Amino acid sequence: MNLWFWILLACALAFLTKLAGYLVPARWMDNPRMSRVAGTLTIGLLASLTAVNTFASGQQLVLDARIVALAAAAVALLLRAPFLVVVVIGAAAAALARLAGMP
Amino acid sequence: MNYLQSPAVRVGLSIAVATGLYGISFGALSVSSGFDIWQTIALSLLLFSGGSQFAFIGVVGGGGTGAAAMTAASLLGIRNAVYGMQMSALVRPTGWRKLVAAQVTIDESAATASGQTEPIERRRGFWTAGIGVFVLWNVFTVVGALVGGALGDPAQWGLDGAAVAAFLGLLWPRLRAKEPAAIAVICALVTVVAVPFVAPGLPILIAAAVAGAVGWFGHGRMDQGLEPDVDPYVEEESDR
């Protein structure tokens, strides 16, 4: 139930953020710094989420089948595979690594 | 006028199919991260911004709190305000259409509109990509949630590996220059160092603070990080 509260709050904030771009006078937001922070935040958060999902298990750092998924996904992206194919390759790599005995 | 002859409409439709399809991966991962199907549907209908949705379920799936998930998702959504400002000038929606335009303002609709030069084509591109992605993303979210719910043990199917691949796939198109790649490496390192010392979810917010500081004090390109996951115009470029 508590999770619903945070989901709906995130949804409301997401909509208001988008709407702000249409309502706020252009000169307020026509600030190079604003665009730059929006961009670096996007890169930093996605890199951080990639790292957490690869190496973290609660508060512990672990090396398990997910590192194989990361490597396989990177190869697929280098070969310009579409997003959905990259995700499927990531899943298959982790599943196969576990079959081979990795934790 | 046959709309299908409009280049912006064709680009918008193809981007809608490519992006909408990967709603399957969001739906499946959301359910395997412990969200029920209604919460999964709510995220796609109401939050509707792929990166933020994956961030929300990724933080909760990693043991973080709802508050940390909400914060990560909201920070990741700030770029949509920048797109909103650009679309306000390029598409110029009026009245109630502003509300609809805001909801479908995402990487893909903004990129489709920005890639056109004629005002009418920009408008067509924005609305076709925005509404097209919205419809297909939500349809395929439900499909993915049903598939994910039927799979059983997520680790056995490698769904934790799918999450890793999804985040790398979202990050990848934004790493076309040295500075964004450096920011990504620094933020990943900061995260890994922070994991043992703070509660789950917080390492991501610490990395966000570092990234925000780099953007605030740095002098990099203004539009770095503002690339769509699927570039609407990449195929046209390779055809040339």
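How many helices and how many strands make up the secondary structure of chain B? In this predicted model, for which local features need pLDDT of at least 70, side-chain atom pairs count only at pLDDT 80 or more, and totals for chains, interfaces and linings use all residues, the secondary structure of chain B comes to 13 helices and 0 strands, where helices (H or I, at least four residues) and strands (E, at least two) are DSSP runs numbered from the N terminus. Residues are numbered from 1 along each chain as its sequence is written, and chains are lettered from A and ligands numbered from 1 in the order in which they are written.

The radius of gyration of chain B, taken over C-alpha atoms, is 18 Å, close to the 18 Å that the globule rule (2.2 Å times the number of residues to the power 0.38) gives for 240 residues, so chain B is as compact as a globular protein of that length. Along the principal axes, the C-alpha atoms of chain B fill a box of roughly 60 × 45 × 40 Å.

Within chain B, helix α2 (residues 23-32) packs against helix α4 (residues 50-61) at an angle of about 20°, with the axes 10 Å apart; axes are lines fitted to C-alpha atoms, for helices over the stretch in contact, and angles run from 0 to 180 degrees between N-to-C directions. That angle makes α2(B) roughly parallel to α4(B), a term for angles under 35 degrees. In this pair, B:Phe26, B:Leu29 and B:Ser30 of α2(B) meet B:Gly50, B:Gln53, B:Phe54 and B:Ile57 of α4(B), where contact requires that C-beta atoms, placed from the backbone, lie within 7 Å.

Between the chains, 91 residues of chain B are in contact with 69 residues of chain A. Helix α10 (residues 159-171) of chain B gives the most to the side of chain B that touches chain A, with 13 residues.

As for confidence, chain A averages a pLDDT (the predictor's confidence in each residue, from 0 to 100) of 92, and 95% of the residues score at least 70.

Notes
Two residues are in contact if their C-beta atoms, placed from the backbone, lie within 7 Å. Angles under 35 degrees count as roughly parallel, over 145 as roughly antiparallel, 65 to 115 as roughly perpendicular and the rest as oblique.
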